[in-house]
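Okay, thanks for coming, everyone.

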Amino acid sequence: MQITTPLANAKIVIRPFEPSDADEFVRAAHESIETVGTWMSWCTPSFNRVKALEWFSTCDQDREAGRAYDMGIFCAATSQLLGGAGINQLASHHRYGNIGYWVRQSRQGQGIARQAVALLRNFGFTQLGLFRLEIVMGVGNTASEAVAIAAGATFECRAKNRIFLHGQPLDAHIYALVPAD
């Protein structure tokens with residue numbers, strides 16, 4: 001499914017990455033190593049423009065194939081890249097997926113991720129026809145957990161070895177959203 005219009009509210013826009021976003025993506029990653037890098041293994045000092053463009057290409061291919069909808073979060077007023085968010089790990093037969101998000105360190109704590117989850121929830125349920133969206137975070141990722149709670153997701157369980165991060169399996173908390181919520 002092609003996204004014909006960006007997902008947006010008065011403060012943020014979620015849209016596919018463009019090659020011109022690569023340098024700002026790298027800057028956002030580098031400023032966020034302390035926070036985002038703890039929970040996302042790609043966010044390291046070695047992250048560079050080539051890796052950003054490769055990620056954008058993967059996102060485009062996955063979106064065109066209907067496998068995932070990972071995009072950038074941008075400020076509606078200034079167009080500054082604020083982070084990334086999307087629906088991925090789609091299981092089309094069972095009609096569920098995973099919502100993932102990250103926000104650059106200088107813009108964390110401003111409700112950006114919560115707003116992104118709300119936009120993605122609507123997109124997933126109304127446009128993709130999903131029945132369930134999960135938000136999965138490593139145990140100890142209190143910022144991500146706070147976003148899930150603020151977005152109205154329901155805590156379901158602690159799953160052993162649910163994610164693989166920095167070369168190690170890690171327990172995760174699983175939250176879920178369903179259309180009735």
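Predicted model: local features only at pLDDT ≥ 70, side-chain atom pairs only at ≥ 80, totals over all residues.

Let's start with a strand pair: β3, residues 69–75, and β4, residues 81–91, run antiparallel and are joined by six bridges.

Now zoom out. That pair belongs to an open sheet of eight strands with mixed pairing, and the order goes β1-β2-β3-β4-β5-β6-β8-β7. Which strands stand at the edges? Those are β1 (7–8) and β7 (154–165); each has a single partner strand, so one side of each is left without a neighbour in the sheet.

Next, look at what packs on the sheet. Helix α4, residues 112–127, touches β1, β2, β3, β4, β5, β6 and β8. The direction of α4 makes about 155° with that of β5.

Okay, on to the helix pair. Two packed helices are described by the angle between their axes and the distance between the axes. For α1 (residues 22–31) and α3 (residues 49–65), the angle is about 110° and the axes are 9 Å apart. Angles of 65 to 115 degrees count as roughly perpendicular, so that is what we call α1 and α3. Their crossing is right-handed.

So who meets whom there? From α1 you've got A22, D23, F25 and V26, and they meet R49, A52, L53, W55 and F56 in α3. Sorted by class, that contact has seven nonpolar residues, two charged ones and no polar ones.

Notes: Residues numbered from 1 in each chain as written. Heavy atoms only, no water. Pairing = 2+ DSSP bridges. Helix = DSSP H or I, 4+ residues; strand = E, 2+ residues; numbered from the N terminus. Contact = heavy atoms within 4.5 Å. Axes fitted to C-alpha atoms, helices over the stretch in contact; angles between N-to-C directions. Parallel < 35°, antiparallel > 145°, perpendicular 65-115°, else oblique. Left-handed = near helix turned anticlockwise from the far one by under 90°. Nonpolar A, V, L, I, M, F, W, Y, C, P; charged D, E, K, R; others polar.
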